[in-house]
Amino acid sequence: MAERRERLISAAYVLYSELGFPDTTIEKLCTVARISNRAFYECFESRDELMLVVYDRCVRETLETVAKAVDRAPDTLPDRIEAGISEYIRFITGDRRRARIMYLEVRRAHDGFTASRRQTSAAFCQILETSLFELPERGGVEPRLVVLGLLGVVQELLIEWTLAADPPPVDRLVGTAVHIFRRSLVG
């Protein structure tokens, strides 16, 4: 059963990113995974559940990669910002399928993914708050909300990169995101 489950996860990774979540049927998933429809339901209750598993795996791999990059960076705020944001963007853009799943298809899936997306944002905020820096509250501005807003900026940059017919170079995305973070957090 574990092997069939992995084949379905692999098939979903490809189909959800190529066809899109709404157009990926259970029958298509089963065809690509080379299993029966009955076997699908032995592994997952629905394609929503499968999407959540694929999305969570993408997020987990991204979080692990970013945390390692931040840990290896010099212990200065600007260096840690650059390491974390650069690795985040480079890892996600390293595979367009990952970007589509994390920033487009999960939004096109069932509304039940809102909680998972909020947990993901909270996890990234936690990495930034504890691994990158500790910001004191200044002028009534809550640091966690600043970080959350900055993550929204990075998400919009990645959505643009994913959807654009002629996407901006990844180095430009990184440079833009690092600039915005530095200006917002370092001054």
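Student: What makes Arg47 count as lying over the face of Phe21?

Tutor: A charge sits over a ring if NZ of Lys or CZ of Arg is within 6 Å of the ring centre and within 35 degrees of the ring normal. Arg47 is at 4.1 Å from the ring centre of Phe21 and lies over its face, and the charged end of Arg98 likewise sits over the ring of Phe91, 3.8 Å from its centre. Please keep in mind that this is a predicted model, in which local features need pLDDT of at least 70 and side-chain atom pairs count only at pLDDT 80 or more, whereas totals for chains, interfaces and linings use all residues. Residues are numbered from 1 along each chain as its sequence is written, and side-chain values use heavy atoms, with hydrogens and water left out.

Student: Why is the pair of Tyr16 and Phe21 called tilted?

Tutor: Rings of Phe, Tyr and Trp (its six-membered ring) pair if their centres lie within 6.5 Å, and planes under 30 degrees apart count as stacked, over 60 as edge-to-face and the rest as tilted. By this rule there are three aromatic pairs. Tyr16 and Phe21 are 5.1 Å apart centre to centre with 55° between the planes, and the pair is therefore tilted. Phe40 and Tyr41, at 5.2 Å centre to centre and 80° between the planes, form an edge-to-face pair. Ring pairs also link Phe40, Tyr41 and Phe44 into a cluster.

Student: How do you know whether Phe40 and Tyr41 are buried, partly exposed or exposed?

Tutor: Buried means under 20% relative accessible area, exposed over 50%, and partly exposed in between (1.4 Å probe, protein chains only). Phe40 has a relative accessible area of 0% and is therefore buried, whereas Tyr41, at 47%, counts as partly exposed. Tyr16 and Phe21 are both buried, and buried residues make up 44% of the 187 residues in the protein.

Student: Why is no disulfide assigned to Cys30?

Tutor: A disulfide is a pair of cysteine sulfur atoms within 2.5 Å, and by this rule the count is zero. For Cys30, the nearest cysteine sulfur is that of Cys43, 8.9 Å away. Seen from Cys43, its closest cysteine sulfur is in Cys30, at that 8.9 Å, which is too far for a bond. Cys30 is buried, at 2% relative accessible area, and Cys43 is buried as well, at 9%.

Student: What makes Arg34 worth a look, and where is it found?

Tutor: Arg34 has a positive phi of about 60° although it is not a glycine. Arg34 is in the loop between helix H2 (26–33) and helix H3 (37–43), where helices (H or I, at least four residues) and strands (E, at least two) are DSSP runs, numbered from the N terminus. With 63% relative accessibility, Arg34 counts as exposed. The protein as a whole has nine helices and zero strands.

Student: How do you know which residues line one face of H9?

Tutor: Helix H9 spans residues 170–185, and its buried residues are Leu173, Val174, Ala177, Val178, Phe181 and Leu185. Seen down the axis of H9, these buried residues fall within an arc of 120° (the arc of the directions from the helix axis to the C-beta atoms), so they line one face of the helix. On the other side of H9, Asp171, Arg172 and Arg183 are exposed.

Terms used
The expected span of a helix is 1.5 Å times one less than its number of residues.
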